[in-house]
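Subject: Structure handover and what turned up in it

Hi,

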Amino acid sequence: MPRYLVAAAPREALPITPLVKAELKGWLAGPGAALRGWVESTGFAAKPGELSLVPGRTGKLARVLVGCEAHDELWALAALPQTLPQGVYRLDAALAPQAATKAALGWALGTYRFQRYRKKTRPLATLAWPKGADRTAVERAADGIFLARDLINTPASDMGPAELAEAASALARRHRARIEVIEGERLLARNYPLIYAVGRASARAPRLIDLVWGEKSASKLTLVGKGVCFDSGGLDLKPASGMLIMKKDMGGAATMLGLASMVMAAGLPVRLRLLVPAVENSVSGNAMRPLDVVKSRKGITVEIGNTDAEGRLVLADALTEADSERPAMILDCATLTGAARAALGPELPALFSNDDKLANELLRHGEAEEDPLWRLPLWRPYRAMLESKTADINNISDTSFAGSVIAALFLEEFVSPRAPWVHIDSYAWNAKARPGRPEGGEGLAMRALFAMIAERFGGRNTESARANPESTESPPHPAPGKARLRLANPSQPSPPRRGRG
C-alpha cells in the first residue's frame, strides 16, 4: 500500500478543500462569516499551489484550502504530504472515480523520500482514501515508480551491475518470474560481445539480466532497459561536471523494472520479457578503445567512434536478442543522449518508433496520464552519418547535429522492420523539485507506457475502461478541464464540521 494513505477517515480527520481561483468567490458565499473573513484577511486567492491553514474556534487547525488548476487532478495535492502538519486529512470534494484515483496517486507520489542514508526524517501528513479511488491502480503505479526512483537515486557504490541484478531477482521472486543472469566472460560464450566490451574494464563484471513472466501462449511483450550503472565515458573520459550524476545512467533499466513491476502486478495477459544489459563504463588497461571494431550479436561489425557512446552498444545486443523471438512489441528506454535534453529539456522524453500507430497510441496515453512524451523522427537520410570506412557501422557520427536521431537510427539497425518498436530517450531525473516529483531519479513515461500496454494487451483492464464499463472500446480521454479536481457544486459547498472553521 502507498505510504501515508489510510483506509478510512477517522472522526478527527481534517478536511482539505481544493479550490479553483475562478470558483473561490462562489465558494466563500456559503461557509460563513468567520471563514470568509479569515480567507479575505490572509489574502488567499486560490492560486495553484497556494495554501490557507484555517483555524477553528479553539485556535487549532480545522481546515486546509488549496488552490489548484481546473484540470490538475494528479498534482494538485501532491505537495501537501510534505508541507502540511502531521495528521490525518480527508478530501472535502466529490470527485469522479478517475479524478479520485489521480488525486490519490498524486498524494502517494508526494510522500516519496529517498531515505536509505538518512536516519531522521520529518513526519508526513496522511490522507484518507478519496471515495471512488481505484486503490489497486494507485498502489501498482506508486510501487513501480518508487522502485525506479530508489534504484536511480542509489549511488553507484551500492548500485553496480550485481546490485541491479539482485533488484531484478527480488522483483522476479515477488511475482514468481523466471530470471537468468549471464555474467562476465559467459557473455562472450553466449554471444553478447558488445555488452562485454563495454563492461570489461570495470572490476564489477558486466551482466545481461533476462527476466521472463507470463504464459508462453500469451502475446509477447519485450522490455529493454539501459543499465549502465556508472558512466565515466571510458577512455573518452567525461569532465567532472558531465560525470556528476552518472549514477542515473541506469535510469532506463530502472524505468523498465518499474514498468515490469506494474505489468506483473496487474496480471496483464502477456508473456513479458525484460532484458537489462548491466555494466559499468570504466577506465583500465583493458578498456575498449576509440576505433576498436567489435562484432555485435547480430553479426554487424561496429567501429567505436567514441567510448562515451556506450549505451547504444549494450542496447544493440539486447535488442538483437529481443527481436529474435518476434514479439508483438519491443519497448526500450535509455538515458542515451544529451542531444535529446538539448531539444526537449529534462521533463519530456524523446520518442522514436518504426510504427506510427504504436507511437500515436503512446502519445495519446502520455497526454491522458499527464506523463508526456514528444516524438522525434527516424530520419533515415541521416543514416549515412553512421558510415564507417572500417566496419559495417560506426557508433557515432562525425557531426554534432541530430545526436538523438542518429543514436536511434543506430539502434534501429538491430531491430527488424517487422517488429513494432519504440525507443525512449529519457533523462530519468527531475532536475528540480515539483509537487510529487522530488529532485532526483524519475521513471519518466512509465505511467504512459503502462496505460498503452494495458489498453493494447489487456483490453478492458484499463483505468478508462473501468470508468465506462458499458463501452466495448476504450473511451476517448476527457478534454482538458472536463474531469476537474473540484467540489461537486462549488456554489453550494458542504458546510465545515462544527467547531472547525
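Lysine 298 is in contact with Thr320, Glu413, Phe414 and Val415, leaving aside its neighbours within four places in sequence; contact here means heavy atoms within 4.5 Å. The side chain of lysine 298 has a polar atom 2.7 Å from the backbone oxygen of glutamate 413. That is a polar contact, meaning a pair of N or O atoms within 3.5 Å; within protein, one must be able to donate a hydrogen and the other to accept it, and residues adjacent in sequence count only if both atoms are side-chain atoms. Lysine 298 sits in the loop between β12 (293–295) and β13 (301–303), and it is partly exposed, with a relative accessible area of 41%. Buried means under 20% relative accessible area, exposed over 50%, and partly exposed in between, using a 1.4 Å probe and protein chains only. From lysine 298 to alanine 287, 11 residues away in sequence, the C-alpha to C-alpha distance is 22 Å.

Before going on, a word on the source: this is a predicted model, in which local features need pLDDT of at least 70 and side-chain atom pairs count only at pLDDT 80 or more, while totals for chains, interfaces and linings use all residues. Residues are numbered from 1 along each chain as its sequence is written, and side-chain values use heavy atoms, with hydrogens and water left out. Helices (H or I, at least four residues) and strands (E, at least two) are DSSP runs, numbered from the N terminus.

Next, aspartate 292, which lies in the loop between β11 (270–281) and β12. Aspartate 292 counts as buried because its relative accessibility is 17%. Its side chain reaches the backbone nitrogen of arginine 289 at 2.9 Å. Not counting residues up to four places away in sequence, aspartate 292 touches Arg200, Val302, Glu303 and Ile304. Aspartate 292 and threonine 307 are 15 residues apart along the chain, with 9.5 Å between their C-alpha atoms.

Serine 353 is in strand β15 (residues 350–353) and, at 5% relative accessibility, is buried.

Valine 228, in strand β10 (residues 227–231), is buried at 0% relative accessibility. Leaving aside neighbours within four places in sequence, valine 228 is in contact with residues including Met246, Asp249, Met250 and Pro277.

Now the helices. Axes are lines fitted to C-alpha atoms, for helices over the stretch in contact, and angles run from 0 to 180 degrees between N-to-C directions. Angles under 35 degrees count as roughly parallel, over 145 as roughly antiparallel, 65 to 115 as roughly perpendicular and the rest as oblique.

Helix α4 (residues 97–110) and α5 cross at roughly 30°, and their axes come within 10 Å, so α4 and α5 are roughly parallel to each other. Among the residues making the contact are Thr101 and Leu105 of α4 and Ile145 and Arg149 of α5. By class, this contact has 10 nonpolar, one polar and one charged residues; Ala, Val, Leu, Ile, Met, Phe, Trp, Tyr, Cys and Pro count as nonpolar, Asp, Glu, Lys and Arg as charged, and the others, Gly among them, as polar.

Helix α5 (residues 135–153) also packs with helix α15 (residues 446–458), at an angle of about 135° and with their axes 11 Å apart, so this pair is oblique. Arg140, Gly144, Ile145 and Ala148 of α5 meet Met446, Arg447 and Phe450 of α15. Those residues divide into four nonpolar, one polar and two charged.

For helix α6 (residues 161–175) and helix α10 (residues 251–266), the angle is about 5° and the axes are 11 Å apart, which makes α6 roughly parallel to α10. Their contact includes Leu164 and His175 of α6 and Leu257 and Ser261 of α10, and its residues are eight nonpolar, two polar and no charged.

Finally, helix α14 (residues 403–412) is mostly covered, with nine of its 10 residues buried. Glu412 is one of the buried residues.

Best wishes
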